[in-house]
Amino acid sequence: MNTLKKIRTDRGLTQQEAAKKIGISYSLLSKMESGYRGSSDSTKIKIANFYQKSVGEIFFNHEITKSDNEYKKTKSKA
């Protein structure tokens, strides 16, 4: 199961429910979850924002660590 599908199912959402709440078509979400089709950066950002995860974590299996978050906080204050 890919990360996108796992996040959706862990939250108890159907593809139709998730797609509607994210603001994308059911067809696009279905294709993304099956690995058949990629998406635009703006769509990936919409999905990441909805699930409150990073684009990297959902689409590239990059888990954000505490040190990553601390780096971002430090960088934004500079």
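Helix axes here are lines fitted to C-alpha atoms over the stretch in contact, and angles run from 0 to 180 degrees between N-to-C directions. Helices are DSSP runs (H or I, at least four residues), numbered from the N terminus. The model is predicted: local features need pLDDT of at least 70, side-chain atom pairs count only at pLDDT 80 or more, and totals for chains, interfaces and linings use all residues. Residues are numbered from 1 along each chain as its sequence is written, and side-chain values use heavy atoms, with hydrogens and water left out.

**Exercise 1.** Describe how α2 packs on α3.

Solution. Start with the geometry: α2 (residues 15-22) and α3 (residues 26-34) meet at about 115°, their axes 8 Å apart. The two helices are therefore roughly perpendicular to each other, a label that covers angles of 65 to 115 degrees. Next, the hand: α2 passes α3 in a right-handed crossing, meaning that the near helix is turned clockwise from the far one by less than a right angle. Now list the contacts (heavy atoms within 4.5 Å): α2 brings Q15, Q16, A18 and A19, while α3 brings Y26, L29, S30 and E33. Finally, sort them by class: 4 are nonpolar, 3 polar and 1 charged. In this scheme Ala, Val, Leu, Ile, Met, Phe, Trp, Tyr, Cys and Pro are nonpolar, Asp, Glu, Lys and Arg charged, and the others, Gly among them, polar.

**Exercise 2.** Which residues of the largest nonpolar core touch the most other members?

Solution. First, the term: such a core is a set of buried (under 20% relative accessible area) Ala, Val, Leu, Ile, Met, Phe, Trp, Tyr and Cys residues joined through side-chain atoms within 4.5 Å. Among its 14 residues, L4, I24, I47, Y51 and I58 touch the most other members. Then look at the helices: α1 (3-10), α2, α3 and α4 (41-51) each supply at least two residues of the core. Last, follow L4: beyond four places in sequence, L4 contacts L29, M32, E33, I47, Y51, I58 and F59.

**Exercise 3.** Is V55 buried or partly exposed?

Solution. Locate V55 in helix α5 (residues 55-59). Its relative accessible area is 25%, so V55 is partly exposed, the class between 20% and 50% with a 1.4 Å probe and protein chains only. For its surroundings, leave out residues up to four places away in sequence: V55 touches K44, I45, A48 and F60.

Conventions: Parallel < 35°, antiparallel > 145°, perpendicular 65-115°, else oblique.
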